[in-house]
Amino acid sequence: MNIHEYQAKELLQKFGVATPRGKVASTPDEAEQIARELGDVDLVVKAQIHAGGRGKGTFINGFKGGVHLCKSPVEARELASKMLGQTLVTHQTGPAGRVVNKVLVAESAEIAREIYFAILLDRATAAPVVVASTEGGVEIETVAARSPEKIIRESIDPLAGLQSFQMRKLAKQLAFDLAQLKAASKLFDGLFRTFIALDCSMVEVNPLVVTIKGEVLALDAKFNFDDNALYRHPDIAAMRDIAEEDPREVEASKHGLNYIGLDGNIACLVNGAGLAMATMDIIKFYGGNPANFLDVGGGATEEQVTEAFKILIADENVKA
């Protein structure tokens, strides 16, 4: 399950992770009011969708960019009015784009430099791992392709947790100066405690910034959660925004089905994830294109199989 940036920041703040002040707005009036509450500061208005590349995206109405700086509540209102209810297209949304239903109005930061910092679940070691880079503000995949030597990895013992010496080591590798060491270590510790306490599979801060004043802030954050652990976190489950998800996947989840929509025209209904993947590989090998991944599981009921077929035949692209 994914959540919005504003929700991610609310969670981080509970664990002592420093983030810029801000609130979410659903209307231009709310955006203006939030801007007034923040006081006489420079502001940023950010479209809230489950996709990256918002700043470089384009709205179908022609308005450029889902992230804009401004200096007054009136400007914040104008920007919100151009974003709310409009469809934003980025390189991650596909040509259909995503409708913006909320915007985050926050205090903008005077950035001295940007850093990438994430905690992931390393499936090879079944343990958390820190992936970081001094090249923040761009996608980590781009850094990996262009400058792989700039990517830092630090494995974390799942029992001992992230240790103080590891935080100091990371801070040094990421070129924090001595005056910023305490703030950086506190942020790293807060991110790890968030990762563990909320059963995350990923906590990504990009960018983590150092401001001109020397502050260390999580400027943008993304979370992925272990869906199998959501029963322990009803407050997190309540953050789900089904408007951001594929309607077919939403319907499948209601019936305990594992479904992922694809672009092909051959539907797949399989009992077992491994067999489902193998089936999709065979279809591709012989020149076809699977329309979906659908694992009904080994203990599927008659009702689940019936609902699975309904989801498959409801897809207009399915021909077989």
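Predicted model: local features only at pLDDT ≥ 70, side-chain atom pairs only at ≥ 80, totals over all residues.
Visitor: Which residues of α3 are buried, and within what arc do they fall?
Guide: Buried here means under 20% relative accessible area. Pro-73, Ala-76, Leu-79, Ala-80 and Met-83 are the buried residues of α3. Viewed down the axis of α3, these residues line one face of the helix, because they fall within an arc of 120°.

Visitor: Which strands stand at the edges of the open sheet, and why is one side of each left without a neighbour?
Guide: The sheet has 4 strands in the order β1-β7-β2-β4, with antiparallel pairing. Each edge strand has a single partner strand, so one side of it has no neighbour in the sheet. The edge strands are β1 (22–25) and β4 (67–70).

Visitor: Which residue of β4 is the bridge partner of Val-44?
Guide: Strand β2 covers residues 43–47 and pairs with β4 in the antiparallel sense over 4 bridges. The bridge partner of Val-44 in β4 is Leu-69.

Visitor: What angle does the direction of α1 make with that of β7?
Guide: Helix α1, residues 5–14, packs on the sheet and touches β1, β2 and β7. The angle between the directions of α1 and β7 is about 50°.

Notes. Residues numbered from 1 in each chain as written. Heavy atoms only, no water. Pairing = 2+ DSSP bridges. Helix = DSSP H or I, 4+ residues; strand = E, 2+ residues; numbered from the N terminus. Contact = heavy atoms within 4.5 Å. Axes fitted to C-alpha atoms, helices over the stretch in contact; angles between N-to-C directions. Buried < 20%, exposed > 50% of the residue type's maximum accessible area, 1.4 Å probe, protein only. Arc of directions from axis to C-beta.
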